[in-house]
Amino acid sequence: RCHSSMLCRVSRASLGVLGRIAPRIHRPMLYIRPHSTLHPKPPSMSSSSSSSSSSSSCCQTTPSDSCCSPPAKLPTPSLSHHPISSHSPSPSSPPSSPLPSSPSTSSTIANEKNESSSTYAYDKVAIARGILELRRSGTLSTVTANPTPGFAPIFGTPHMPYMIQKSCHGIPVPVIALRSSDTHARHLDEYPRASLVVFPLTPVNRNPAHMDMWRVNFTADATRLPASDNDAARDAFIKVNPSTKVLLETFKNDFNFYRLDIQDVLFYDRGKTQNLLLEDFQTSTPDPIFTEAAALMNEINDKYATRKDLLALAKEYANIDVDDAFVYLVDRLGFNMMVRGASDSRWVELRLPFPFLMNTVQECRQAIQETIEKLATKTQQATKPAPAP
């Protein structure tokens, strides 16, 4: 059943996860899979799949600013029949039937690969691909081939900026910038493999490593770009990570760029790890709103968290009392929040699905804004003192 707002009410089954998650603290993974343990290519893979995995032989890649194509088998309904929507659908969106209003909508796509989840709309492969393209930093780890006695052979750096380029097969390739004196640069010269752990996008004061949230570990072969490509790589890198502009331009002759060709994907979810097939990762298509919703999530968390509107959402749609909340994922089917229970101070995950498929980030923005504003009006009317007789 759909409520009169832009969100579906959360089903009891969807909320079952709230009572099962125990409070845990996890450290960032510093994990580099050796060559000998990589997955062999399944014999049933088609020739087209195997050709897509040969990204190392591709020519220079293109920046990842272009939008990805929408997921396969998804309808694209018009929003003109939405209960309270006052805006029209995108002109390019063909009309079709709306998504089912059943709460099971949030796991429809995940069920296509038998990975049903009450808190994910997509399978883990699509989430891994999406989070890599959404984020612009991760925890980089490298290993020295000649360890010094008394010193750890692994060196890790959190918040390492990266940009995503696409190979000629459309495979995402992270690119990092390192100074020649950097420990990572020295390690990669000795052993050209790196680990990049990418977390969900959270507010600055919310460390995802200290919460029971999923993360993805990418193991990659590192290759230094030719010096002739440094100028173009620097311009593209600064465009994606403006905060690096001063450092890269001041020491431009001392920075080298490395492409990380992903060879292994490890999905970490609440204490469990799952290796994802590389071919599936390379050929998957992430949700187009997922990869473009960073600004929207920052806007929602900055604008509504201080007004406690997100707390009201959790109370209205999940019927739970929380004292803190933030949005960390938005896709075409809904959005995910991390909420902290008012009684036990546990951080748990909550998914609020849209009753209709959204076509653009702007439609998601307006849907969430309309819902919050209607809920605020309802709350004000409920707390308004009754007129004197």
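The chain has eleven helices and twelve strands. The model is predicted. Of the 389 residues in the chain, 53% are buried.

**The chain as a whole**

- The chain exposes about 18000 Å², and carbon and sulfur atoms supply 54% of that area.
- Contacts between residues at least 6 apart in sequence join, in 71% of cases, residues that are at least 24 apart.

**Strand 5 and the strands paired with it**

- Strand 5 is largely enclosed by the rest of the structure, because seven of its eight residues are buried.
- Strand 4 and strand 5 run antiparallel and are joined by four bridges.
- Within this pairing, Lys166 stands opposite Pro172 of strand 5.
- Strand 4 and strand 5 form a hairpin with five residues between the strands. In this hairpin, Gly170 takes a positive phi near 80°.
- Strand 5 also pairs with strand 8, again in the antiparallel sense, over five bridges.
- Ile176 has Tyr258 in strand 8 as its bridge partner.

**Helix 6**

- Helix 6 covers residues 230-240. Its buried residues are Asn230, Ala233, Arg234, Ala236, Phe237 and Ile238.

**Salt bridges**

- The structure holds 15 salt bridges.
- Arg179 and Asp254 meet through their side chains in a salt bridge, at 3.0 Å from N to O. Arg179 lies in strand 5 and Asp254 in the loop between helix 7 and strand 8, so the pair ties together parts that are 75 residues apart in sequence.
- Arg179 has a relative accessible area of 27% and is partly exposed. Asp254, at 22%, counts as partly exposed too.
- Glu299 forms a salt bridge with Arg365, and their closest N and O atoms are 3.0 Å apart. This pair links distant parts of the chain, 66 residues apart: Glu299 is in helix 9 (residues 294-304) and Arg365 in helix 11 (residues 361-383).
- Glu299 counts as partly exposed at 27% relative accessibility, whereas Arg365 is buried, with a relative accessible area of 18%. The cut-off for buried is under 20%.
- Asp323 forms a salt bridge with Arg340, with the closest N and O atoms 2.8 Å apart. Asp323 belongs to strand 10 (residues 322-331) and Arg340 to strand 11 (residues 334-341), so the pair ties together parts that are 17 residues apart in sequence.
- Asp323 is partly exposed at 34% relative accessible area, and Arg340 is partly exposed at 26%.
- Arg129, Glu133 and Lys166 are linked in a network of salt bridges. Lys166 is also the residue that stands opposite Pro172 in strand 5.

Terms used: Residues are numbered from 1 along each chain as its sequence is written. This is a predicted model: local features need pLDDT of at least 70, side-chain atom pairs count only at pLDDT 80 or more; totals for chains, interfaces and linings use all residues. Side-chain values use heavy atoms; hydrogens and water are left out. Buried means under 20% relative accessible area, exposed over 50%, partly exposed in between (1.4 Å probe, protein chains only). Helices (H or I, at least four residues) and strands (E, at least two) are DSSP runs, numbered from the N terminus. A salt bridge is a side-chain nitrogen of Lys or Arg within 4 Å of a carboxyl oxygen of Asp or Glu. Two strands pair if DSSP finds at least two bridges between them. Contact means heavy atoms within 4.5 Å. Accessible areas come from the Shrake-Rupley method with a 1.4 Å probe; for residues, only the protein chains shown count as cover.
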